[in-house]
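Hi,

Here is the structure I said I would pass on.

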Amino acid sequence: MLPRNYEAIMKELMQDGKKPDPRKKEKDAIDGGIYCMKLNGDIIYIGYTGRPFGARWKEHMNCINKGGKELMVYDIIRRNRSKQLTFEVMLALDDLKANRKLTERDIKAIEMGFIKYFSPIGNVSGNTTYYRF
């Protein structure tokens, strides 16, 4: 369940209906936020990290290539190696925190909103965090 003011928060974050474009910055320099993994342009996984995106991307790639923590999304990627895998920043922490003071719980609620909206197939098994508001 999303917070009652979720739409207001998202509208404020989008600033006049435009989503901030943190991709203009180097991924390694952005200190976390909400990101997605895409196969041939389709979102297959949405995640949140408080660390630099470059470090999180490397962890995902190590798990895909060498094994490790098993998420459904890794199996999907391994079965579709011929397709183009991309990693995109959806909302950077510095963009989120610049607009208002958000707690980590608020940011996770936004992540859950993205997951609910986009329904990526890779999040089915991995994200079982529920929040009460």
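Below is what turned up, going from strands to rings, cores and one arginine.

First, the ground rules: this is a predicted model, with local features needing pLDDT of at least 70 and side-chain atom pairs counting only at pLDDT 80 or more, while totals for chains, interfaces and linings use all residues. Residues are numbered from 1 along each chain as its sequence is written, and side-chain values use heavy atoms, with hydrogens and water left out.

Let's start with the hairpin. Strands β1 (residues 33-39) and β2 run antiparallel and are joined by seven bridges (strands are DSSP E runs of at least two residues, helices H or I runs of at least four, numbered from the N terminus; two strands pair if DSSP finds at least two bridges between them). C36 has I46 in β2 as its bridge partner. Two residues sit between the strands, and N40 in the turn has a positive phi of about 50°. β2 (residues 42-49) is largely enclosed by the rest of the structure, because six of its eight residues are buried (under 20% relative accessible area; exposed is over 50%, partly exposed in between; 1.4 Å probe, protein chains only).

Now the rings. There are seven aromatic pairs (Phe, Tyr and Trp rings, the six-membered one for Trp, with centres within 6.5 Å; planes under 30 degrees apart are stacked, over 60 edge-to-face, the rest tilted). W57 and F87 have ring centres 4.6 Å apart and planes at 50°, so this pair is tilted. It links distant parts of the chain, as W57 is in helix α2 (residues 53-66) and F87 in strand β3 (residues 85-92), 30 residues apart. W57 is partly exposed at 22% relative accessibility, whereas F87 is buried at 5%.

On to the cores (buried Ala, Val, Leu, Ile, Met, Phe, Trp, Tyr and Cys joined through side-chain atoms within 4.5 Å). The largest has 16 residues, and M37, I44, Y45, V73, Y74 and I77 touch the most other members. Its largest share, four residues, comes from α3. A second, separate core of 13 residues includes Y48, L93, I110 and I115.

Finally, R56 lies in helix α2 and is buried at 15% relative accessible area. Its side chain makes polar contacts with the side chains of Y35 (3.3 Å) and E59 (2.9 Å) (N or O atoms within 3.5 Å; within protein, one able to donate a hydrogen and the other to accept it, and residues adjacent in sequence counting only if both atoms are side-chain atoms).

Cheers
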